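Here is a short report on one structure.

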Amino acid sequence: MSVKEIIRSRVSSNKFTNTKVESKQIIELLDYAVYAPNHKMREPWRFIILEGSGRSLFIHRFLSEFKDDQKEDMKKTIEKVFQAPMVVAFVMPRNVNYADELEDLQAISAVIQNFLLLLEEDGYGSFWKTPKYIESDLFKEVLGLSTNEIVAGLVMVGFVESKGQPKTRKSANDLTTIYS
Ligand SMILES: Cc1cc2nc3c(=O)[nH]c(=O)nc-3n(C[C@H](O)[C@H](O)[C@H](O)COP(=O)(O)O)c2cc1C
């Protein structure tokens, strides 16, 4: 598939089969994804892979901090993402300089999009998610982040039986101003 074909065929998928995703293969893809532009080569990212018993333990530890009356709701919320066989958290260091931090967020977003396209090329399904709870101290602590790190996004990874149709986009022709 050409890059054009991969971009046009990728869709967000959230119904995965139980087939295990091998972290070794995902790390190989991340090694390509990091060839994204990033200002001053700060490479503002690291990755946390949650799968198998590590994923179950993470969910258990996170939910154990909630009171019984909130636990069930939180379980449903978190399982919307953590039902995937693998979740990859994209972790970014905070930057004291606001402009630098915006650049870093753009750079890690480029890595995430590269990653989605690489997953598409290799036949995986994926879904980029930024649920509200990724901002919580509890989530960050259970995930093992240091105080100067944030989760820029979560990517659900797995295999899908059938993919949805890509949603159409507005035409760039209608969105472009040309000064010539
Ligand atoms: C930064 C970012 C955050 C996103 N967060 C969520 C999310 O929290 N929940 C969700 O349902 N979709 C989320 N999405 C996925 C979009 O909803 C999805 O990409 C969009 O509907 C287009 O569909 P497609 O990916 O199938 O082309 C996010 C996408 C981006 C780029």
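## Strand S2 and its partners

Glu51 has Met86 of S2 as its bridge partner. This is a predicted model. The pair belongs to the contact between S1 (residues 46-51) and S2, where 6 bridges join the two strands. S1 and S2 run antiparallel.

S2 also pairs with S4, again in the antiparallel sense, over 8 bridges. Several partners can be named here. Met92 is bridged to Ile150 of S4. Val91 is bridged to Val151 of S4. Ala89 stands opposite Leu154, also in S4.

How is S2 placed in the structure, and why is it called largely enclosed? Of its 8 residues, 7 are buried, so the rest of the structure largely encloses S2.

## The sheet as a whole

The sheet is open and has 4 strands. Their order is S1-S2-S4-S3, with antiparallel pairing. S1 and S3 are the edge strands. Each has a single partner strand, so one side of each has no neighbour in the sheet. From one strand to the next, the twist averages 25°.

S4 is largely enclosed by the rest of the structure, because 8 of its 10 residues are buried. S4 pairs with S3 over 5 bridges, in the antiparallel sense. One of the residue pairs there is Phe127 with Met156 of S4.

## Helices on the sheet

Which strands does H2 touch? H2 packs on the sheet and touches S1, S2 and S4. The direction of H2 makes about 155° with that of S1.

H3 lies across S1 and S2. H3 runs at about 95° to S1.

## Helix H5

H5 covers residues 98-121, which makes 24 residues. From first C-alpha to last, H5 reaches 35 Å. That is close to the 34 Å expected at 1.5 Å a residue. After H5 comes Gly123, with a positive phi near 85°.

Which residues of H5 are buried? They are Asp104, Ala107, Ile108, Val111, Ile112, Phe115, Leu116, Leu117, Leu119 and Glu120. The cover over these buried residues includes two helices, H1 (3-9) and H2 (23-33). The cover also includes the strands S2 (86-93), S3 (125-129) and S4 (149-158).

## Arg55 in helix H3

Arg55 sits in H3, which spans residues 52-63. Is Arg55 buried or partly exposed? Arg55 has 17 other C-beta atoms within 10 Å, so Arg55 is partly exposed. A residue needs 20 or more to count as buried.

Set aside the neighbours within four places in sequence. Arg55 is then in contact with Leu50, Phe82 and Val87. Arg55 and Leu143 are 88 residues apart in sequence. In space, Arg55 and Leu143 are 10 Å apart, C-alpha to C-alpha.

Most residues other than glycine have a negative phi.

Met41 lies in the loop between H2 and S1. Met41 has 8 C-beta neighbours inside 10 Å, so Met41 counts as exposed. The cut-off for exposed is 12 or fewer.

Glu43 is placed in the loop between H2 and S1 too. Is Glu43 exposed or partly exposed? Glu43 has 14 C-beta neighbours inside 10 Å, so Glu43 counts as partly exposed.

Methods:
Residues numbered from 1 in each chain as written. Predicted model: local features only at pLDDT ≥ 70, side-chain atom pairs only at ≥ 80, totals over all residues. Expected span 1.5 Å × (residues − 1). Contact = placed C-beta atoms within 7 Å. Pairing = 2+ DSSP bridges. Axes fitted to C-alpha atoms, helices over the stretch in contact; angles between N-to-C directions.
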